[in-house]
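Subject: Structure handover

Hello,

My notes follow below it.

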Amino acid sequence: MAWFQSSNRKVQLPAQAQTRPVLDNDERIANDEEDAESLKLTPTDNNVTEDQNRDPFMGVKVRRKASFHRNYIGDYLDVPSRPYLMKILEKQGDKKVLFADKVLKFTSTGKMKRRILLITDFAVYIVDPDIDALKRRISLAAVEKLCLSELSDNFLAIIIPTEYDLLIASTRKAEIVSVLVDATRSQSDYELEVLLSNRFEYNATSELVKEIDFEETEEGARTRIVRK
């Protein structure tokens, strides 16, 4: 069992409306029609809190109705059919793909970049699909915890103390969390912490700390990212 921490309390984890972030004056979001569509607001009447037997977040996090009935597939990109992805994995000695999908990654300046997220039983990969290049590899052993809000949104921060953190947006956030928790557990006795809070900090770079705040509104979840 993995531990979920919500605000100042923890719940155990058994074996998302979408948001447009509000950034401080020094940051700009890359305007892209696909990116904007991925993060458009969803009315709160689609949000529900599920009972603990069916909800992997133990009823703490508000989630969309559709997310409770979604089947986890894992590889949404058919990685074996993409030679450049296979080449990246083979070069690193990885073969078993637990999760693969397109996500939005936030840069240190607040821009959103389309990336491919790969999770294997040993590491997390961030790949640039435009140039077929590996941008970052993160060992699962280096991941300290996962941070996400208690609301219905697509944001997930992967905290890596020895490097800098990773902030992404994905409609399959719940699956990503489950895969990372299970993969970490299978490789060690370490239980990956999952923090549920409507305000948390992350390191956009090794020297730049940002705070992300989530607020529930009539239109959906409102997100603000500011420099500390």
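How many aromatic pairs does a search of the whole structure find? It finds 4. Rings of Phe, Tyr and Trp (its six-membered ring) pair if their centres lie within 6.5 Å; planes under 30 degrees apart are stacked, over 60 edge-to-face, and the rest tilted.

Some ground rules. This is a predicted model, so local features need pLDDT of at least 70 and side-chain atom pairs count only at pLDDT 80 or more, while totals for chains, interfaces and linings use all residues. Residues are numbered from 1 along each chain as its sequence is written, and side-chain values use heavy atoms, with hydrogens and water left out.

Confidence

The average pLDDT (the predictor's confidence in each residue, from 0 to 100) is 80 for the chain. A score of at least 70 is reached by 69% of the residues. Residues 8-19 stay under 50, and the model has 57 contacts for them beyond four places in sequence. Contact means heavy atoms within 4.5 Å. Residues 23-55 are also below 50. That stretch has 88 contacts in the model beyond near neighbours in sequence.

Overall make-up

The chain has 3 helices and 16 strands. These are DSSP runs, numbered from the N terminus: helices (H or I) of at least four residues, strands (E) of at least two. Of the 228 residues, 52% are buried. Buried means under 20% relative accessible area, exposed over 50%, partly exposed in between (1.4 Å probe, protein chains only). The chain exposes about 11,100 Å², with 45% supplied by carbon and sulfur atoms. Areas come from the Shrake-Rupley method with a 1.4 Å probe; for residues, only the protein chains shown count as cover.

Aromatic rings

Take Tyr76 and Phe99. Their ring centres are 5.9 Å apart and their planes stand at 65°, so the pair is edge-to-face. Tyr76 lies in the loop between strand E5 (63-64) and helix H2 (83-92), and Phe99 in strand E6 (residues 97-106), so the pair ties together parts 23 residues apart in sequence. Phe99 is buried, with a relative accessible area of 0%.

Next, Phe106 and Phe155. Here the centres are 5.4 Å apart and the planes at 35°, so the pair is tilted. Phe106 lies in strand E6 and Phe155 in strand E11 (residues 155-159), so this pair ties together parts 49 residues apart in sequence. Both Phe106 and Phe155 are buried. Phe106 has a relative accessible area of 6%. One aromatic cluster holds Phe106, Phe155, Phe200 and Phe214.

Two arginines sit over rings. Arg136 is over the face of Tyr164, 3.7 Å from the ring centre. Arg172 is over the face of Tyr76, at 3.6 Å. The test is NZ of Lys or CZ of Arg within 6 Å of the ring centre and within 35 degrees of the ring normal.

Cores

The largest nonpolar core has 27 residues. Such a core is a set of buried Ala, Val, Leu, Ile, Met, Phe, Trp, Tyr and Cys residues joined through side-chain atoms within 4.5 Å. Helix H3 (173-187) is among the elements that give it two or more residues. H3 gives the most, with 6. Beyond its neighbours within four places in sequence, Ile176 contacts Phe99, Leu117, Ile119, Leu156, Ile168 and Ser170. Another core lies apart, with 19 residues, including Leu104, Ala157, Ile212 and Ala221.

Best regards
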